[in-house]
Amino acid sequence: MSNDMHSKTISELAIGLRNGDFSSEELTRSYLDRINASQERLNAFITVTDEQAMKQAQAADQRITAGDSGILTGIPIAHKDIFCTDGVRTSCGSKMLDPFIAPYDAKVIENFQNDGAVMLGKTNMDEFAMGSSNETSFYGAVKNPWALDAVPGGSSGGSAAAVAARIAPGATGTDTGGSIRQPAALCGITGIKPTYGRVSRYGMIAYASSLDQAGPMAASAEDCAMMLQVMAGFDKRDSTSSERDVPDYSADLSKDLSGMKIGLPKEYFGEGLDGDVAKVIETAIDEYKKLGAEVVEISLPNTHMAVPTYYVVAPAECSSNLSRMDGVRFGHRCEDPKDLEDLYKRSRGEGFGTEVKRRILIGAYALSSGYYDAYYLKAQRVRNLISEDFKQAFEKVDLIMGPTTPTPAFNLGEKSDDPLAMYLADIYTIAVNLAGLPGMSLPAGFVNDRPIGLQLIGNYFEESRLLNAGYKFQQATDWHQKIPGEFA
Amino acid sequence: MALEKKDVEAIAHLARVAIDEADVEDYAESLSNILGLADQLNSVDTDGVTPMAHPMHMVQRLRADEVSETNQREHLQEHAPAVERGLFLVPQVID
C-alpha cells in the first residue's frame, strides 16, 4: 500500500482497487484519517461516519473480490449534508435540523450505495444552501484549503474544500444559483451542475424546487463523468425528473474538439470582472483554440437581469418549501410554547439563521396578496427572456464559456454583512439555473495564489459535451492536478 | 420599495417567524435593498411574455391513484419533538 493514495483521481483509484493494489478498507481508512486530521483547520465536515464507512468498505471489498464491481465500488465519497441519509443526522447546515436523523435515503445516496461507493460523511454547507461563502452554516464557516483566511465559496463549500484538500476523492453538491460551480471555482476543482431534471431531487432538502439540481464535484472531468453516471437517471419519486435515457458519460471524453464552436458572451467580460481573472480566462480560451475550437463573440442581453430575477424566484420558492419546518414533526422546537402560533414562530425564529430568515421574508412578501403579479409573475416572465437568450445562442454555438466568478475567493467576513455584495458572487452562474441548462467549472489558473474557474455552459442534456471539453482541456493543462501545499 | 418596521413585522407574522425586536430595523434595511434589486425587473418590457415555471416547460406528470407507500408511522415519529400514542403533540388549540 502506498501513502500517496490521496493524490490519485477516482479513475486511478478504481483501477488500483480492481488490481488489488490496495483495498477499499485501506483506502477508506486513509481518507478518514485525512478528514479527522484536517477538521480543525478546514471544518469541511458536519458529520464523519467512520464506523459506517468502514462497514461499507468491507462490503465493497467483498464485491470487488467477487468480480461484482460497479463504477465506484469501494471509492470513498463525501455527501453534502443536504441529502437525506437514513439513520444519519441530516442538518442542511441549520440549527433547525441539527436534531434531524433522516428516516430514509435520498435517491442520490441510494444510487451511490447500490453502486458500492463508500460514504465518508456529510459535508458542511451554507444553511439550507443559501449563501455563496459557506459562512451561513450553523456549524461555522469552512476554510478554503488554498488560503485559510478565504472562503471556499458556497453553498457546497464543504464538498469543494474536501475535494481540494484531497480529504475526499469526490463529493456531491447541489446547485440552485451556482452552489456547485462557484465553490468548485474558488477551490480549484471540477464541478458540474447537470440539466434540470437529470438527477433526482428525491430526498434532497428543497430550497428552490424549480432551480435545484444535484451534481458531482471532483478533481477532474473524467471523475465527474464517473460520478454523474451513478447519480443521473429517471426517478418516479421526483415529479420533475427527466425520462430521457442516460448516455455513457465516459464514452466521448477524448473526442476531438476540432470544429467545436465556442461562444463568449460579451456580457460576461464587462464591468465587474476582475482584470486578472479575465486574463486567466482568456488564456484558457486560447488553449481551446489550440485544441481546434472556433471562438465567436455572442450576446446574452438579459444577463444583468439574472440576479434580480433569482432573488424573487428563489426566495418565493424557499418561503414555501421551508414552511414544513414548523417545530411539530421534526427538527428544532422552542421551549415551553404558550400556544400553537408561539410554537411555530419561536421554533422557526430560533431554528433559522439570519440569511434564511431574510429569504423567507422576501419570499413571503413577493407571494403575498397584492404583490404576486408585481414580483413573482414579473420575475417568471423575465426568466423566460433569459432562457430565450440561451436558446438563440445555442443556434449558433455548441458551448458557451466565460468566468465562473468575477473575482478569486474573497476573505472570510469580507461580504458577510452585505447581502447584495454576496449575491453578486453568483452573477455568472445564476442565469444557467434559471434556464435549467447544464454548467461546469474547470480549474483554469490562479490569481494571488487563489484558484480561478472557467465556466462552460451547454445546451439541454449535453453533459457529455461539457465533460468532453473539460477532459480535453485537462489533458492539455495541469491546473486540476494542483494540490494546496499544506494538504499535498 | 422601502419597507418600514411595521411591514417587516407584518411579513414575519405571515411567515410565522419570530424576529427579535432589536433586529427588525436591520431586516427592514436589508429587505428593502433586496426589493430594490427586484425592482430593476421593471425596466424590462415583458408584454406578451409567458411566465416560465419550468425550464423544459414540462407539465406535471401524473400517476395512478394507488397506494405505493407502506405505513412507517413509528419510524417517522422516532425523532419528532413530542409524540404520544402515535400522534404529534402541540399546545392545546381548542379549549
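Me: Happy to start with a term: contact means heavy atoms within 4.5 Å. Which residues does Phe128(A) touch, not counting residues up to four places away in sequence?

Reply: Among them are Cys92(A), Met96(A), Ile205(A), Leu322(A), Phe352(A) and Val356(A). A word on the source: this is a predicted model, where local features need pLDDT of at least 70, side-chain atom pairs count only at pLDDT 80 or more, and totals for chains, interfaces and linings use all residues. Residues are numbered from 1 along each chain as its sequence is written, chains are lettered from A, and side-chain values use heavy atoms, with hydrogens and water left out.

Me: Thanks! What makes α7(A) roughly antiparallel to α15(A)?

Reply: Helix α7 (residues 221–231) and helix α15 (residues 463–476) of chain A pack at about 150°, with axes 8 Å apart. Angles over 145 degrees count as roughly antiparallel, so α7(A) is roughly antiparallel to α15(A). Residues making this contact include Leu228(A) of α7(A) and Tyr471(A) of α15(A).

Me: Why is Ala59(A) called partly exposed?

Reply: Buried means under 20% relative accessible area, exposed over 50%, and partly exposed in between (1.4 Å probe, protein chains only). Ala59(A) has 39% relative accessibility, so it counts as partly exposed. This residue lies in helix α3 (residues 50–65) of chain A.

Me: And how do you know that β4(A) and β6(A) pair?

Reply: Two strands pair if DSSP finds at least two bridges between them. Strand β4 (residues 170–175) of chain A is joined to β6(A) by 6 bridges, so the two pair, and they run antiparallel. Gly173(A) stands opposite Gly215(A) in β6(A).

Technical notes
Axes are lines fitted to C-alpha atoms, for helices over the stretch in contact, and angles run from 0 to 180 degrees between N-to-C directions. Helices (H or I, at least four residues) and strands (E, at least two) are DSSP runs, numbered from the N terminus. Angles under 35 degrees count as roughly parallel, over 145 as roughly antiparallel, 65 to 115 as roughly perpendicular and the rest as oblique.
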